[in-house]
Amino acid sequence: MVLFLLERVTPHPVDQSWRRLTDWPRHADVVPLTRVTVRTPPPTRQGTVFVARSGVGPVAFDDPMEVAAWQPPEVGGPGKCRLVKHGRFVTGWTEIEVHPAAGGGSRVVWREDLSVRWLPGIADRPLGWAARWMFGRAMDGLLRRG
């Protein structure tokens, strides 16, 4: 199991950062070899289910997730959502928070608890490094893109 936290400050207002981070299909634009399919009708809310499929051909896996908590930002306030991973291979949870930043813009906090089944504990440290790099890169891409 790997538990980590990422933080970013962006010039975007809270509601814009929120939209960029919670547009699930857009995650495929910043995570290589991944496509995201939302399986429940819009809008996103508690109970929304989506699947990120990563890999190529037979060397691919599904990462099904469910929105367990959904609190979009209200005028000038913070927003928070919690995702629970229900995969056979990848399990855990993600929390995304968007707060107003001092001086304008927003501060984003991404917490992740990630487990990969059948991976021995000795692999936790390299998994943590890789996950922080990958999720940090995805976060940066989502916040940067139009």
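**Notes on a predicted fold**

1. Start at Leu33, which sits in the loop between helix 2 (27–30) and strand 2 (helices are DSSP runs of H or I with at least four residues, strands are runs of E with at least two, and both are numbered from the N terminus). Leu33 counts as exposed because its relative accessibility is 58% (over 50% is exposed, under 20% buried, in between partly exposed, using a 1.4 Å probe and protein chains only). Its phi is near 60°, a positive value in a residue other than glycine.

2. Before going on, a word on the model. It is predicted, so local features need pLDDT of at least 70 and side-chain atom pairs count only at pLDDT 80 or more, while totals for chains, interfaces and linings use all residues. Residues are numbered from 1 along each chain as its sequence is written, and side-chain values use heavy atoms, with hydrogens and water left out.

3. Next comes Thr34, in strand 2 (residues 34–38). With a relative accessibility of 13%, Thr34 counts as buried. Its side chain makes a polar contact with the side chain of Ser54 at 2.7 Å, and also reaches the backbone oxygen of Pro32 at 3.1 Å (a polar contact is a pair of N or O atoms within 3.5 Å; within protein, one must be able to donate a hydrogen and the other to accept it, and residues adjacent in sequence count only if both atoms are side-chain atoms). Leaving out residues up to four places away in sequence, Thr34 touches Ala28, Ala52, Arg53 and Ser54 (contact means heavy atoms within 4.5 Å).

4. Trp118, in the loop between strand 7 and helix 3, has a positive phi of about 70° although it is not a glycine. Trp118 is exposed, at 73% relative accessible area. Pro43 belongs to the loop between strand 2 and strand 3, and the peptide bond leading from Pro42 to Pro43 is cis, with omega near 0°.

5. What does Ser17 touch, leaving aside its neighbours within four places in sequence? The list is Thr10, His12, Val98, Ser106, Val108 and Leu143. Ser17 lies in helix 1 and is buried, at 0% relative accessibility. Asp15 is in helix 1 too, but Asp15 is partly exposed, with a relative accessible area of 39%. Between Asp15 and Gly76 there are 8.1 Å in space, C-alpha to C-alpha, and 61 residues in sequence.

6. Now the aromatics. The model has 6 aromatic pairs (rings of Phe, Tyr and Trp, the last by its six-membered ring, pair if their centres lie within 6.5 Å; planes under 30 degrees apart are stacked, over 60 edge-to-face, the rest tilted). For Trp18 and Trp70 the centres are 5.0 Å apart and the planes are at 50°, so this pair is tilted. Trp18 is in helix 1 (residues 14–21) and Trp70 in strand 4 (residues 59–71), so the pair ties together parts 52 residues apart in sequence. Trp18 is buried, at 5% relative accessibility. Elsewhere, Phe4, Trp110 and Phe135 form one aromatic cluster.
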